[in-house]
Amino acid sequence: MTSLNKHYLIVPGWNGSGPDHWQSHWQTQLPNSSRTLVSSWSHPQLGDWVASLERAIAQAKGPIVLIAHSLGCVTVAHWAATRPNLRAKIQGALLVAPADVERLNVNPNLAAFGPIPLTPLPFPSLVVGSTNDHTASLERIQHFANEWHSALHIIRDAGHINSASGHTQWSDGLRLLKCFDYYRELHSDQRRSA
């Protein structure tokens, strides 16, 4: 599979990804990209967010790479655990700063997304986390990656890896995506030739 026929599907988190968020910048830079659309970004409903992801996957042409942030990562985990029909379309997932919706004093809107599914994801995935993310401890990020059978990349002192922590264009993240694409495609080619 080449990047020309690949579809990048962006899955924002709570409150969506504003114009200065790296997901918004990437959407303008990556070919064949789109994002999920939900009824409310500020008052998320688990069923609505999972159904929105399902619709976006069904509508996308070609193999899909998911690019999720925060609550979007949790949405991907719920979708993968409960909606098996379209999993084969997913070529891989970049899961950035997954939010721990089970932490103490979490916003009730987010708590409704718990418990977080901890079953292995049925597609290659890379979790990117930070040593000082206020939405999830390093131990929890490591736990998610381990349970989801995801590769893990930790960035020192990157906060929640959003525009508030200075991650707007986030060119380093775009390089991570390209490396992940290359790694995934290499292993996919090896499996086909085995």
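In this predicted model, the loop between helix H1 (22-29) and strand S2 contains Asn 32. The phi angle of Asn 32 is near 50°, a positive value in a residue that is not glycine. Most residues other than glycine have a negative phi, and most peptide bonds are trans. Asn 32 has a relative accessible area of 40% and is therefore classed as partly exposed, a class that lies between the limits of 20% and 50%.

A positive phi, of about 50°, is also found at Asp 157, likewise not a glycine. Asp 157 belongs to the loop that connects strand S6 with helix H6 (171-193). Its relative accessibility is 52%, so Asp 157 counts as exposed, the limit for that class being over 50%. A further backbone feature occurs between Gly 114 and Pro 115, where the peptide bond is cis with omega near -10°. Pro 115 is situated in the loop between helix H4 (108-111) and strand S5 (125-130).

The strands are described next. An open sheet is formed by six strands, arranged in the order S2-S1-S3-S4-S5-S6 with parallel pairing. Strand S2 (33-35) and strand S6 (151-155) are the edge strands, each pairing on one side only. On average, neighbouring strands of the sheet are turned by 15° against each other, direction ignored. Strands of a sheet pair through backbone hydrogen bonds, in either a parallel or an antiparallel manner. Within this sheet, strand S3 (residues 64-69) and strand S4 (residues 90-96) run parallel and are joined by six bridges. Ile 64 has Ile 90 of S4 standing opposite.

Two helices are in contact with these strands. Helix H3 (residues 71-82) packs on the sheet and touches S1, S3 and S4. The direction of helix H3 makes about 130° with that of S3. Helix H2 (residues 46-59) lies across strand S1 (7-11), S3 and S4, and runs at about 170° to S1.

Empty space in the model was also examined. Rolling a probe the size of a water molecule over the atoms shows where such space is left. The largest pocket holds about 250 Å³ of space. Its lining consists of 18 residues, and those nearest the centre of the pocket are Trp 14, His 69, Ser 70, His 160 and Asn 162. By residue class, the lining of the largest pocket comprises twelve polar, five nonpolar and one charged.

Terms used: Residues numbered from 1 in each chain as written. Predicted model: local features only at pLDDT ≥ 70, side-chain atom pairs only at ≥ 80, totals over all residues. Heavy atoms only, no water. Pairing = 2+ DSSP bridges. Helix = DSSP H or I, 4+ residues; strand = E, 2+ residues; numbered from the N terminus. Axes fitted to C-alpha atoms, helices over the stretch in contact; angles between N-to-C directions. Contact = heavy atoms within 4.5 Å. 1 Å grid on protein atoms, 1.4 Å probe; cavity = no way out; pocket = protein on both sides within 12 Å on 5 of 7 lines; lining within 4 Å. Points joined across faces, edges and corners; volume = space filled by probe spheres on them. Nonpolar A, V, L, I, M, F, W, Y, C, P; charged D, E, K, R; others polar. Buried < 20%, exposed > 50% of the residue type's maximum accessible area, 1.4 Å probe, protein only.
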